Amino acid sequence: MRVLVIGGGGREHAIVRALAADPAVSELHAAPGNPGIASLAELHAVSATDPADVVRLARSVAADLVVIGPEAPLVAGVANALRAAGILVFGPDAQAARIEGSKAFAKEIMAAAGIPTAAARVAATPEEAAAALDAFGPPYVVKDDALAAGKGVVVTEDYRLALAHAASCERVVIEEYLDGPEVSVFALADGKKAVPLLAAQDFKRAQDGDRGPNTGGMGAYVPLPWAPPGLVDEVMETVVRPAIDELARRGTPYRGVLYAGLALTSKGVRVVEFNARFGDPETQVVLDRLASPLAGLLHAAAAGDLGSAGELSWHPGAAVTVVIAAEGYPEAPARGDVITVKDLPAGDHGYLLHAGTARNGSDLVTAGGRVLSAVGSGPDLAAARAAAYAVAECARFRGGWYRHDIAAQASTGS
């Protein structure tokens with residue numbers, strides 16, 4: 001199987017790494033990729049949100065399967081164009097990808113399917129936003145209705161800050177605050193059938209102790225020892241399958257990965273958001289534990305034949321990832337700083353994934369807010385966490401930083 005992966009972040013490096021380990025993959029291509037992906041796949045230039053350019057590239061490499069990593073190409077209709085060209089693609093069409101591209105559309109799907117979520121209002125004017133904030137009260141939750149690369153959400157006690165965020169967006173969804181821990185559940189879908197992956201938890205806030213601004217995610221871990229028994233089964237029955245069924249009923253079958261961001265509230269599971277792609281950084285730990293060959297799973301989902309994939313298998317133990325960020329992230333990350341990486345700890349319990357990196361001559365340099373992901377594994381969370389932080393210590397660049405409490409509470413059972 002010749003596989004082309006679209007994207008160039010940490011999520012795509014994790015996907016490429018898993019595909020490279022699959023003996024069914026004979027050729028591996030990525031566009032645009034990054035310096036870390038370059039060691040595993042042949043890189044190509046592409047305009048990732050231009051459907052015609054992606055189709056051109058897929059044809060030029062004779063791809064048997066195209067895997068779309070980021071959300072923007074999906075919303076731009078890249079999957080539609082590939083399917084119209086007769087090329088198998090893992091990722092939903094633009095109409096189904098609206099479940100991430102528009103928070104208001106996601107709420108519409110949830111209401112139609114009876115999926116539990118926060119009460120919400122859509123606001124397109126300052127007056128509508130003020131009325132919604134007054135109705136729900138603090139903490140205020142304001143979400144940009146459009147794509148915002150995981151950074152369009154403000155959760156704050158400050159009324160003026162909430163109103164200012166609403167004013168900075170063309171349209172927002174304002175909703176009630178959901179209490180309780182957040183969990184991410186991915187499910188592979190083939191249009192009708194859906195199969196769950198491991199539940200993970202990520203860390204959105206920039207600073208230790210869940211303080212500071214929201215980010216695209218500063219770390220993640222699996223498994224979740226504190227999660228209630230049967231959580232994934234409940235999510236599949238009450239959230240994922242109803243969403244897949246509703247999209248199919250509307251004539252927009254969902255083929256790809258559906259990401260359900262959930263809050264485990266005092267009143268039960270509630271959906272915080274849907275994403276139309278693998279989450280980042282949760283993908284880094286979920287795929288680390290996946291023992292089933294990834295290419296076959298993605299191919300089956302793309303072909304509408306997940307029933308042929310069989311039961312998923314998982315490596316025992318745990319995985320933790322720690323995101324190493326650039327100075328100034330998330331507001332104004334610095335770029336162009338030289339990255340040095342000393343020898344990683346002996347053994348096969350940790351590695352680095354590239355997210356925001358580039359080449360400047362022979363130098364590896366920073367090229368984004370989240371620069372690297374340090375992944376560690378072990379027989380339990382404590383061992384996996386130690387391995388991840390040992391790897392993180394090996395990467396150095398000016399102003400680089402990371403949270404020091406990823407998976408700390410879960411690993412101690414406190």
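Helices, of at least four residues, and strands, of at least two, are here DSSP runs numbered from the N terminus. In this predicted model, the chain has 13 helices and 23 strands. Its radius of gyration is 20 Å, close to the 22 Å that the globule rule gives for 414 residues, so the chain is as compact as a globular protein of that length.

**The whole chain**

Begin with everything displayed, and turn the model along its principal axes, where the C-alpha atoms fill a box of roughly 55 × 45 × 40 Å. Buried residues make up 56% of the 414 residues, and the accessible surface comes to about 16,100 Å², of which 51% belongs to carbon and sulfur atoms. If you colour by charge, you will find 35 positive and 47 negative side chains, with the centres of the two sets 1 Å apart. Among contacts with a separation of 6 or more, 68% are between residues 24 or more positions apart.

Beyond its neighbours within four places in sequence, Ala31 is in contact with Leu4, Val5, Ile6, Gly7, His44, Val46 and Leu57. The C-alpha atom of Ala31 is separated by 8.6 Å from that of Ser47, which is 16 residues apart from Ala31 along the chain. Now look at the peptide bond from Ala31 to Pro32, which is cis, with omega near -5°; Pro32 also lies in E2.

To find Pro330, go to the loop between strand E17 (318-325) and strand E18 (340-341).

Next, select helix H5, residues 94-101, and show the side chain of Glu100. Is Glu100 buried or exposed? With a relative accessibility of 5%, Glu100 counts as buried. Its side chain is joined to that of Arg277 by a polar contact of 2.8 Å. Not counting residues up to four places away in sequence, Glu100 touches Glu71, Leu147, Phe274, Asn275 and Ala276, as well as Arg277.

**Helix H11, an enclosed helix**

Move on to helix H11, residues 294-302, where 7 of the 9 residues are buried, so that the helix is largely enclosed by the rest of the structure. The buried residues are Leu294, Ala295, Leu297, Leu298, Ala300, Ala301 and Ala302. What covers these buried residues? The cover includes helices H1 (10-20) and H10 (282-289), together with strands E4 (65-68), E5 (89-90), E10 (182-190) and E15 (255-265). Just after H11, Gly304 takes a positive phi of about 75°.

**Partly exposed stops**

For a contrasting setting, select helix H9, residues 231-249, and locate Glu234, which is partly exposed with a relative accessible area of 37%. Leaving aside neighbours within four places in sequence, Glu234 is in contact with Val239 and Val269. Glu234 and Gly268 are 34 residues apart in sequence, and their C-alpha atoms are 10 Å apart in space.

Finish with two loop residues. Ala62, in the loop between helix H2 (51-60) and E4, has a phi near 55°, a positive value in a residue other than glycine, and is partly exposed at 37% relative accessible area. Asp210, in the loop between strand E12 (205-207) and strand E13 (211-214), likewise has a positive phi near 55°, and is partly exposed at 45%.

Definitions and conventions
Residues numbered from 1 in each chain as written. Predicted model: local features only at pLDDT ≥ 70, side-chain atom pairs only at ≥ 80, totals over all residues. Heavy atoms only, no water. Rg over C-alpha atoms; globule rule 2.2 N^0.38 Å. Buried < 20%, exposed > 50% of the residue type's maximum accessible area, 1.4 Å probe, protein only. Contact = heavy atoms within 4.5 Å. Areas by Shrake-Rupley, 256 points an atom, 1.4 Å probe, with all protein chains shown as cover. Lys, Arg positive; Asp, Glu negative; His and termini not counted. Charge placed at Lys NZ, Arg CZ, Asp CG, Glu CD. Polar contact = N/O pair within 3.5 Å; in protein donor to acceptor, adjacent residues only side chain to side chain.
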